[in-house]
There are 2 protein chains.
Amino acid sequence: MRRISVLGATGSIGASTLDLIRRDRDQWRIVALTAQSRVEELAALAREFRPEIAVIGDETRLGALREALAGLPIAVAGGGAALIEAAARPAALTIAGIVGCAGLAPTMAAIEQGQTVALANKEALVSAGEVMTAAVARHGATLLPVDSEHNAIFQCLAGNRPADVRWITLTASGGPFRDWPTAALAAATPAEAVRHPNWDMGAKISVDSATMMNKGLELIEAFHLFPVGLDRLRIIVHPQSVVHSMVEFRDGSTLAQLGPSDMRVPIASALAWPARMDTPCAPLDLAAIGELTFRAPDEARFPATRLARQAAEAGGAVPGVLNAANEVAVAAFLAGRIGFTRIATMVEDVLCAYAPPAPGSLDEVMAVDEGARRHADALLEPA
Amino acid sequence: MRRISVLGATGSIGASTLDLIRRDRDQWRIVALTAQSRVEELAALAREFRPEIAVIGDETRLGALREALAGLPIAVAGGGAALIEAAARPAALTIAGIVGCAGLAPTMAAIEQGQTVALANKEALVSAGEVMTAAVARHGATLLPVDSEHNAIFQCLAGNRPADVRWITLTASGGPFRDWPTAALAAATPAEAVRHPNWDMGAKISVDSATMMNKGLELIEAFHLFPVGLDRLRIIVHPQSVVHSMVEFRDGSTLAQLGPSDMRVPIASALAWPARMDTPCAPLDLAAIGELTFRAPDEARFPATRLARQAAEAGGAVPGVLNAANEVAVAAFLAGRIGFTRIATMVEDVLCAYAPPAPGSLDEVMAVDEGARRHADALLEPA
């Protein structure tokens with residue numbers, strides 16, 4: 001039995017993880033299950049999976065959790081410090097599935113165990129990339145990327161040396177506006193932006209897909225995960241999202257990972273790595289799919305990937321500023337306060353206006369995040 | 001420096017191998033170079049690469065070879081026994097690039113060293129599959145497949161267990177007749193059959209591509225190379241020949257190897273395995289290629305893959321009979337003696353008429369081959 005903690009158990013990564021564990025229950029001993037606020041769902045999962053500890057981030061709901069689990073041999077705790085303590089409990093594998101900056105400190109606590117962390121928190125590598133990868137190296141931890149693109153690259157790289165890599169190519173669906181002319185983009189509505197062709201995602205991520213900022217953020221993550229250098233990372237538009245990413249080696253061989261648009265595939269890869277486990281996903285039927293298409297990205301219409309590449313190159317606080325400014329801009333777009341093309345220009349404006357020093361700790365990462373949000377908010381105020 | 005022998009040095013596999021070695025000359029000590037009959041080319045290669053020994057299969061040309069290499073510190077020999085002795089000289093890696101049944105005994109001698117053999121001789125696994133794989137197991141040798149499809153599968157499988165494989169999918173270009181209706185196939189000419197869309201190949205292999213027997217033979221080879229069971233091997237038509245083959249695992253991940261239609265890529269993979277080496281092949285530009293298409297094979301129009309699968313299932317002498325009968329039938333088609341669709345039915349007729357016991361030695365493999373050719377020839381004679 002392997003000891004596993006699931007941080008963010010009630011989110012989509014947590015749900016997919018527990019769905020797989022449920023199918024192979026005898027293999028796992030659940031250490032910690034955590035959630036931010038969905039106390040009833042967390043209690044139900046705790047009753048089913050019997051973790052050593054269940055933690056609710058929102059301390060005001062601790063009483064409800066305690067009541068729901070009364071009489072069971074499950075420790076119960078609440079609040080930010082308790083999340084970190086739970087993440088620090090010895091576990092061979094931790095699923096770091098808490099979204100946003102709230103996930104940073106628990107993810108760091110898991111890394112400090114020096115074991116394996118399956119990473120699904122974007123901020124860990126975008127906003128805190130240098131701090132986090134330094135901790136991984138210091139504690140001898142192993143990061144397994146859970147994002148479908150990075151998991152694909154991880155699988156393609158297995159057994160190969162970074163020095164043998166000619167290109168790592170992230171595939172991008174191109175989003176719902178990939179065929180729209182520049183002029184139409186300015187008038188794109190939130191409802192149009194959230195209609196993603198291949199994945200069923202939340203509104204924020206859907207808008208990131210429409211601007212291609214999601215691919216820009218993934219480029220920054222890939223830069224930290226795979227030490228081949230930024231000039232060997234590129235993006236290709238692949239509308240069908242069947243090829244999840246590719247690696248070309250110096251001999252001219254390209255390895256690609258393909259699969260269904262189902263997060264259980266990369267999560268299963270992380271759960272069973274370096275072996276494989278069953279998933280209930282249907283086999284890939286390329287004859288039924290028929291065709292896979294590819295085209296170069298258009299950074300004139302979708303400048304977000306260019307901004308992200310510049311941020312990765314600059315390093316320090318810049319990727320965190322990019323990420324925070326983008327979140328504010330996307331929220332403003334979804335609220336009808338700014339147009340679609342303003343998202344990227346607003347991010348660029350914040351990057352020009354706010355250049356704090358490189359953060360050396362998670363507290364400083366959070367301070368950069370807050371500073372960038374303040375600068376972005378200021379741009380939204382009426383003059 | 002690694003010791004390497006190149007059997008079939010003047011053929012296309014040999015030429016590609018030596019082209020790569022030429023670019024990285026200091027890494028290699030050439031043990032043996034062999035050729036069947038092209039004595040001047042062999043002598044030129046020997047002068048350049050300075051092997052320990054140069055061997056010409058056709059003993060009548062030994063004098064010419066001796067003369068061409070006079071005064072050089074290179075041993076010279078000729079004839080079938082000399083080929084086998086050269087293949088038995090200790091080498092860390094042997095490129096088994098001799099075509100046809102003539103390659104069987106030298107390939108076996110290389111396998112018996114218990115080191116690594118990069119296999120490009122089709123008959124070794126089609127006609128002598130059981131004999132050869134038993135020798136590989138007995139002597140602890142490592143087979144590295146050089147064929148682009150099998151090398152692709154080998155790369156995709158690296159680090160994974162056969163038990164975790166859901167599907168191995170061989171890609172097939174479908175050949176020049178992939179879009180022809182059944183009625184037109186009967187009238188297809190040799191000139192039309194040898195116009196292969198993606199690879200520049202000899203006439204025999206081009207016709208095999210047109211009938212899809214090449215893919216059938218590769219299915220038999222894959223059956224011996226990758227012990228996942230025949231029911232996990234399948235074929236998909238992929239006209240662009242960019243994806244060289246794929247492996248789907250039980251978790252729903254599919255790994256694919258892509259690359260240019262250049263044999264130097266899989267040969268480089270074998271030369272440097274488990275590392276990678278540079279090749280002069282241009283990077284893969286999927287945006288320029290634009291689209292990759294896939295469709296199910298049509299065994300009604302192209303029955304060869306069905307015949308090959310049945311032969312692999314039957315085992316013993318049957319795959320060797322299939323291969324020999326196909327060679328006779330293809331030669332008869334190229335000579336204008338039979339129509340295109342008669343190739344497959346003639347193979348099937350020979351399979352029905354001739355069922356020798358399973359060969360237990362290379363001599364018995366050769367006897368099966370000769371017997372099948374006699375049966376096929378008999379079908380060609382006027383009644």
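In the predicted model, A:Met212 occupies the loop between α11 (203-211) and α12 (213-225) of chain A. The phi angle of A:Met212 is near 70 degrees, a positive value in a residue other than glycine. Most residues other than glycine have a negative phi, and most peptide bonds are trans. A:Met212 is buried, at a relative accessible area of 2%. In chain B, the loop between α11 (203-211) and α12 (213-225) holds B:Met212, whose phi is likewise positive and near 70 degrees. B:Met212 has a relative accessibility of 2% and therefore counts as buried, the cut-off being under 20%.

A further backbone feature involves the peptide bond between A:Trp273 and A:Pro274, which is cis, with omega at about 5 degrees. A:Pro274 belongs to the loop that runs between α13 (264-272) and α14 (286-289) of chain A. In chain B, a cis peptide bond links B:Trp273 to B:Pro274, with omega at about 5 degrees. The loop between α13 (264-272) and α14 (286-289) of chain B contains B:Pro274.

The relation between the two chains was examined by superposition. Chain A is brought onto chain B by a rotation of 180 degrees with 0.0 Å of shift along the rotation axis, at an RMSD of 0.0 Å. This is the relation of a two-fold axis. Of the interface residues of chain A, 100% are also interface residues in chain B, so the copies meet through the same surface.

The contact draws 45 residues from chain A and 45 residues from chain B. Between them, chain A and chain B bury about 3500 Å², of which 47% is on carbon and sulfur atoms. A:Arg250, A:Asp251 and A:Arg276 contribute 21% of the area that chain A buries against chain B, more than any other three residues. Across the interface of chain A and chain B, 4 salt bridges are found, together with 28 residue pairs in polar contact, both residues at pLDDT 80 or more. On the side of chain A that touches chain B, the elements giving two or more residues are α8 (148-157), β8 (165-172), β9 (233-237), β10 (243-249), β11 (254-258), α13, α14 and β12 (291-293) of chain A. The largest share of this side, 5 residues, comes from β11(A). By residue class, the side of chain A that touches chain B divides into 23 nonpolar, 12 polar and 10 charged residues.

Over all chains, the search of the whole structure finds 48 salt bridges. One of them pairs A:Asp19 with A:Arg23, the closest N and O atoms being 3.3 Å apart. A:Asp19 is buried, with a relative accessible area of 16%. In chain B, B:Arg250 and B:Asp164 form a salt bridge in which the closest N and O atoms are 3.1 Å apart. B:Arg250 lies in the loop between β10 (243-249) and β11 (254-258) of chain B, and B:Asp164 in the loop between α8 (148-157) and β8 (165-172) of chain B, so this pair ties together parts that are 86 residues apart in sequence.

In chain A, salt bridges that share partners join A:Asp19, A:Arg22, A:Arg23, A:Glu48, A:Asp262 and A:Arg264 into one network.

A:Ala329 is located in helix α16 (residues 318-334) of chain A and counts as buried, at 0% relative accessibility. Residues up to four places away in sequence aside, A:Ala329 touches A:Ile338, A:Ile343 and A:Met346. A:Ala329 and A:Ala376 are 7.3 Å apart in space, C-alpha to C-alpha, and 47 residues apart in sequence.

Terms used: Residues are numbered from 1 along each chain as its sequence is written. Chains are lettered from A and ligands numbered from 1 in the order in which they are written. This is a predicted model: local features need pLDDT of at least 70, side-chain atom pairs count only at pLDDT 80 or more; totals for chains, interfaces and linings use all residues. Side-chain values use heavy atoms; hydrogens and water are left out. Helices (H or I, at least four residues) and strands (E, at least two) are DSSP runs, numbered from the N terminus. Buried means under 20% relative accessible area, exposed over 50%, partly exposed in between (1.4 Å probe, protein chains only). Copies are superposed by least squares on the C-alpha atoms of residues with pLDDT of at least 70 in both. Contact means heavy atoms within 4.5 Å. Buried area is the accessible area (1.4 Å probe) that two parts lose on being put together, summed over both. A salt bridge is a side-chain nitrogen of Lys or Arg within 4 Å of a carboxyl oxygen of Asp or Glu. A polar contact is a pair of N or O atoms within 3.5 Å; within protein, one must be able to donate a hydrogen and the other to accept it, and residues adjacent in sequence count only if both atoms are side-chain atoms. Ala, Val, Leu, Ile, Met, Phe, Trp, Tyr, Cys and Pro count as nonpolar, Asp, Glu, Lys and Arg as charged, and the others, Gly among them, as polar.
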